[in-house]
Amino acid sequence: MNTVTSTEYDSPVGPILLTFVDEALVRLDVAHDGMNLARADIAQRLGVMPDSDPEGAAALRTQLDEYFDGARRHFDVALDWRLVQGFTRTALQATVDIPYGEMASYGEVAILAGAPGAARAVGTACAKSPFSIVVPVHRVVRADGSIGEYGGHPEVKEYLLSLENDVVLREGLRGAG
């Protein structure tokens, strides 16, 4: 029997519900519509209401703090992919290869995922990602360079892209000086 737990994380982009099955992250939900709806959604998807574990996810909380402070580029957390199947999973796994501070188009990710011409499917995959931020779907943009909707919250995507861009620029200035 799996243990399902969740905990809240207060981020600069809003409250986040972190849900784990055993020790693996199954969903990171920026709870724009409130924690109660986020909890109800994950309970419906998993068929069980997660137990609250305010001490759980200590390592991921630290990694998120480091990311938002500009000190972390990659996340080291086990992911439970049970909510993601088929091409959606392949596309999301391909986004992990987009370097910190850089962007790729939906079409470029489709090529990385082995399905040239599947740009729309990549967009759908990014919109359905249960691992936003940790799996960097915010780095995927339209072919014209515009950022897109990001689940109806483009301001979050803009924040994350700006955060990473600022870190890369600061590091570049340090290296040049």
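**View 1. The largest nonpolar core of this predicted model.** A nonpolar core is a set of buried Ala, Val, Leu, Ile, Met, Phe, Trp, Tyr and Cys residues joined through side-chain atoms within 4.5 Å, where buried means under 20% relative accessible area, exposed over 50% and partly exposed in between, for a 1.4 Å probe and protein chains only. The largest such core holds 42 residues, and those touching the most other members are Leu18, Leu25, Leu28, Leu60, Leu64, Phe68 and Ile133. Among the elements that give two or more residues to this core are strand 2 (14-21), strand 3 (24-30) and helix 6 (154-176); helices (H or I, at least four residues) and strands (E, at least two) are DSSP runs, numbered from the N terminus. A second, separate core has 8 residues, including Val4, Leu17, Ala31 and Met35.

**View 2. Serine 11 in strand 1.** Serine 11, in the strand spanning residues 4-11, counts as buried because its relative accessible area is 9%. Its side chain reaches the backbone nitrogen of valine 13 at 3.1 Å, and a polar atom of that side chain lies 2.6 Å from the backbone oxygen of glycine 14. Leaving aside neighbours within four places in sequence, serine 11 is in contact (heavy atoms within 4.5 Å) with Ile16 and Phe68.

**View 3. Alanine 78 in the loop between helix 2 and helix 3.** Alanine 78 is partly exposed, with a relative accessible area of 45%, and, not counting residues up to four places away in sequence, touches Glu23, Ala24 and Leu25. The C-alpha atoms of alanine 78 and leucine 25 are separated by 6.1 Å, although these residues are 53 apart along the chain.

**Notes.** Residues are numbered from 1 along each chain as its sequence is written, and side-chain values use heavy atoms, leaving out hydrogens and water. In this predicted model, local features need pLDDT of at least 70 and side-chain atom pairs count only at pLDDT 80 or more, whereas totals for chains, interfaces and linings use all residues.

How values were computed. Polar contact = N/O pair within 3.5 Å; in protein donor to acceptor, adjacent residues only side chain to side chain.
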